[in-house]
Amino acid sequence: KAAAAALKKVPQVNCSWQETHIRNYNYVDISVAVSTDAGLITPIIPDADLKGLAGISAEMKSLAKKARQNKLQPHEYQGGTFTISNLGMFGVKHFSAIINPPQAGILAIGASDVKVVPNPAYTPENGQSQFKTVSVMSVTASYDHRVVDGAVGAQWLAAFKEFCENPMKLLL
């Protein structure tokens, strides 16, 4: 949902290379990498920006099950405007994913980790700890630079980070 919202906020990333031109999409169809016995396949959550978290979760679980049973229909895995690959469940913290042509971008999501950081609310007078623990997730975005340059890619990552850190904004 955060990736879809970021694609709406920075639509220059929601596009693809078409050999002679850039195609901009006005819909957000998120492809999600799923590992099967036959290899990776990327089923699609169509109109992900218009769906809630529960709907996206249920649809993804259903598509992943169908993918592993080799029962996906072509319309369920062909197309997509942006891809997400998550190796976090395997304990992988950082990786770079390969773009699915003709898409212009893919997001690699790593495992979360607990870190100790300075507590900004700390003062010597308030009795709070000088440090606190936070969960940190590593993500890496890869872009086709014929379509998305680094500055625009950074804007998209900033929007993604904003939605992840402020999930209430996804409800607005």
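**Close-up views of a predicted protein chain**

**Figure 1. Charges and overall build of the chain.** The protein chain carries 16 positive and 13 negative side chains, and the centres of the two sets lie 5 Å apart. Lys and Arg count as positive, Asp and Glu as negative; His and the chain ends are not counted. Each charge is placed at NZ of Lys, CZ of Arg, CG of Asp or CD of Glu. This is a predicted model: local features need pLDDT of at least 70, side-chain atom pairs count only at pLDDT 80 or more, and totals for chains, interfaces and linings use all residues. Residues are numbered from 1 along each chain as its sequence is written, and side-chain values use heavy atoms, with hydrogens and water left out. Three helices and nine strands make up the secondary structure of the protein chain. Helices (H or I, at least four residues) and strands (E, at least two) are DSSP runs, numbered from the N terminus. The order from the N terminus is α-β-β-β-β-β-β-α-β-β-β-α. Along the principal axes, the C-alpha atoms fill a box of roughly 60 × 35 × 30 Å.

**Figure 2. Surface and contacts of the chain.** The accessible surface of the protein chain is about 10,100 Å², and carbon and sulfur atoms hold 56% of that surface. Areas come from the Shrake-Rupley method with a 1.4 Å probe; for residues, only the protein chains shown count as cover. Of the 172 residues, 39% are buried. Buried means under 20% relative accessible area, exposed over 50%, and partly exposed in between (1.4 Å probe, protein chains only). Among contacts with a separation of 6 or more, 51% join residues 24 or more positions apart. A contact means heavy atoms within 4.5 Å.

**Figure 3. Helix α1 and its cover.** Helix α1 spans residues 2–9 and is mostly covered, with six of its eight residues buried. These are Ala2, Ala3, Ala4, Ala5, Ala6 and Leu7. The cover over the buried residues of α1 includes β3 (30–32), β7 and α3.

Figure 4. A pair of aromatic rings is described by the distance of the centres and the angle of the planes. Rings of Phe, Tyr and Trp (its six-membered ring) pair if their centres lie within 6.5 Å; planes under 30 degrees apart count as stacked, over 60 as edge-to-face and the rest as tilted. The count comes to three aromatic pairs. Trp156 and Phe160 are stacked, because their ring centres lie 5.5 Å apart and their planes meet at 15 degrees. Both residues belong to helix α3 (residues 150–165), four residues apart, about one turn of the helix. Trp156 is buried at 0% relative accessible area. Phe160 is buried as well, at 7%. Ring pairs join Phe82, Trp156 and Phe160 into a cluster.

**Figure 5. Ile44 in strand β6.** Ile44 sits in strand β6. Its relative accessibility is 6%, so Ile44 counts as buried. Leu63 lies 19 residues from Ile44 in sequence, and their C-alpha atoms are 8.1 Å apart. Leaving out residues up to four places away in sequence, Ile44 touches Asp29, Ile30, Ser31, Glu59, Leu63, Glu76, Tyr77, Gln78, Gly79 and Gly80.

**Figure 6. Thr83 in strand β7.** Thr83 is part of strand β7. With 0% relative accessibility, Thr83 is buried. Neighbours within four places in sequence aside, its contacts are Ser31, Thr42, Asn100, Gln103, Gly105, Ile106 and Leu107.

Figure 7. The peptide bond from Pro101 to Pro102 is cis, with omega near 5 degrees. Pro102 falls in the loop between β7 (82–86) and β8 (105–118). Asp47 has a positive phi, near 50 degrees, and is not a glycine. The loop between β6 (44–45) and α2 (53–68) holds Asp47. Asp47 is partly exposed, at 33% relative accessibility. Asn70, also a residue other than glycine, has a positive phi near 60 degrees. Asn70 lies in the loop between α2 and β7. At 71% relative accessibility, Asn70 is exposed.

Figure 8. The structure holds zero disulfides. A disulfide is a pair of cysteine sulfur atoms within 2.5 Å. Cys15 is buried, at 1% relative accessibility. Cys164 is partly exposed, at 36%.
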